[in-house]
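Please read it beside the sequence and the coordinates.

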Amino acid sequence: MLEKILNYFSEISKIPRCSKQESAIVQYIQKWAIAKGFKYMTDPYGNTLVYPPETTPQIILQSHVDMVCEKTKDSNHDFEKDPITLTDDGVYIKANKTSLGADNGIGMAISMCLKEELMSSTRNISLLFTVDEETGLNGAKHLDKSFLNSRYLINLDSEEDNTFIVGCAGGTDMIIKKELSSKTSENITVTHIEIDGLNGGHSGIDIDKGYANAIKLLTELMIAIEVEYILDIRGGTAHNAIPRSASAALLTNYTKEDINRIFYQICQRYPLDNAKLTISHVTQHRGVLFYFKEILKTLSKLNHGVFTRMKGRFQGIETSSNLAKIELANNTLIIVESLRSTTDGAMDLLKKNIEKKLTGFSYYYCCDYPGWVPKENSTLLEEGIRSYRKLFNEQPNIKVIHAGLECGVFSQKNPFLDIISLGPNIHNPHSPDEKLEKLSVQKIYNLTKDIIISLSHRG
């Protein structure tokens, strides 16, 4: 069965499917459903439900169709038209200089194979494929609650094969802006600095691993080399990815050798990363300079990392922030902070902590998504634990994850829905270092299949 699952994943990987560009993958699902004799319906947003026409579905297997599209600086990959190039070393499936998209393409492949294998014996399974998950759970937010008319939902979007996720953090994006004062200067020597090669990673799951943030590194370096004016600055690509690269065009009196020396001294505090620094000097006849000295002081204070931790039964991160993006556009500096929390109270404290640092800046919040509170006395979790013990002779981990999951939205739309999340081992998601553990895929397939059969016998 593993070969069949990976074949489906290979087919899925050939189809461009960055967030908000999912029409081709939705058509693929529709054609697959027709070919297999299944019914389907697709809402105006693109969410697609493959369902049994004869009965009301008891179990929904859910995954999202979009992926985070990240690549290395030296990659020529065009995410709008190029297939993901897969490599297989016998242990892991990887991509060539791009994110892999196992989050959540492998969930799609697993659910499709399960639907096919169990179609004759267990007909009450529906597959729910949502769109635009990675940019704020938007597909799930637009989903009509009639798509969730079921007793149980198994979300296949987790990344540790020994763990059941039973709750998740909610979150919001903080958009920070400031119009910069400028002047025009002639005959200037501009220093271009680019930081690249960091681990990056998921801004929730990886936020406590000590990975460097490229925007933070750039800020610290610019302060150290006494930058007052810049011509441009940008870094980060997505709200839910720790920035792995950042660049600036600036004025400084420091030599290339001094900048290198200072930078690698800073990097010693981040032994998990292998940062690369590129420096060049260019003489320009004229340029627009933006005063940035005071901005750097604010940037250095902005939050990145764990803010508070949970206490009690579920240990882990309670609240965190990711300094996700920075860019200069039309004389305006735009900064994105991605905030996560399992509780509303802790989120409010984090917001106030950041807001008091933003004198002279404007800001607003957008793209909120709800948390998912663990359900007491969950039948689905009970069956999941039983199946895991039976198959693997050990106790699974039970966690509340510090990431936004569509389960939070689903539980809002149908409070009676019993939900768990599981999935195979995926390392370094949302980055070009993403890799999928092959044997773990088979493990999750067997586990999910056993849970479905057990639930079907319960009636």
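Phe263 is buried, with a relative accessible area of 0%, where buried means under 20% relative accessible area, exposed over 50% and partly exposed in between (1.4 Å probe, protein chains only). Tyr264 counts as partly exposed at 37% relative accessibility. The model is predicted: local features need pLDDT of at least 70, side-chain atom pairs count only at pLDDT 80 or more, and totals for chains, interfaces and linings use all residues. Residues are numbered from 1 along each chain as its sequence is written, and side-chain values use heavy atoms, with hydrogens and water left out.

**Aromatic pairs**
- Rings of Phe, Tyr and Trp (its six-membered ring) pair if their centres lie within 6.5 Å; planes under 30 degrees apart count as stacked, over 60 as edge-to-face and the rest as tilted.
- The count by this rule is six aromatic pairs.
- Phe263 and Tyr264 form an edge-to-face pair, because their ring centres are 5.0 Å apart and their planes lie at 75°.
- Phe164, Tyr388 and Phe392 are linked into a cluster by ring pairs.

**Nonpolar cores**
- A nonpolar core is a set of buried Ala, Val, Leu, Ile, Met, Phe, Trp, Tyr and Cys residues joined through side-chain atoms within 4.5 Å.
- The largest nonpolar core has 60 residues, of which Ile106 and Ile154 touch the most other members.
- Helix α3 gives the most to this core, with nine residues.
- A second, separate core has 45 residues, among them Leu217, Leu218, Ile225 and Leu302.
- Not counting residues up to four places away in sequence, Ile106 touches Ile5, Leu6, Phe9, Gly101, Pro424, Ile426, Leu436 and Val441, contact meaning heavy atoms within 4.5 Å.

**Helix α10**
- Helices (H or I, at least four residues) and strands (E, at least two) are DSSP runs, numbered from the N terminus.
- Six of the eight residues of α10 (residues 406-413) are buried, namely Glu406, Cys407, Gly408, Val409, Phe410 and Ser411.
- The elements covering these buried residues include β3 (59-64), β6 (125-130), α4 (138-142) and β19 (418-421).

**Helices α2 and α3**
- The axes of α2 (residues 23-36) and α3 (residues 102-118) come within 12 Å and cross at roughly 10°; axes are lines fitted to C-alpha atoms, for helices over the stretch in contact, and angles run from 0 to 180 degrees between N-to-C directions.
- On the α2 side, Ile25, Tyr28, Ile29, Trp32 and Lys36 meet Met108, Met112, Lys115 and Glu116 of α3.
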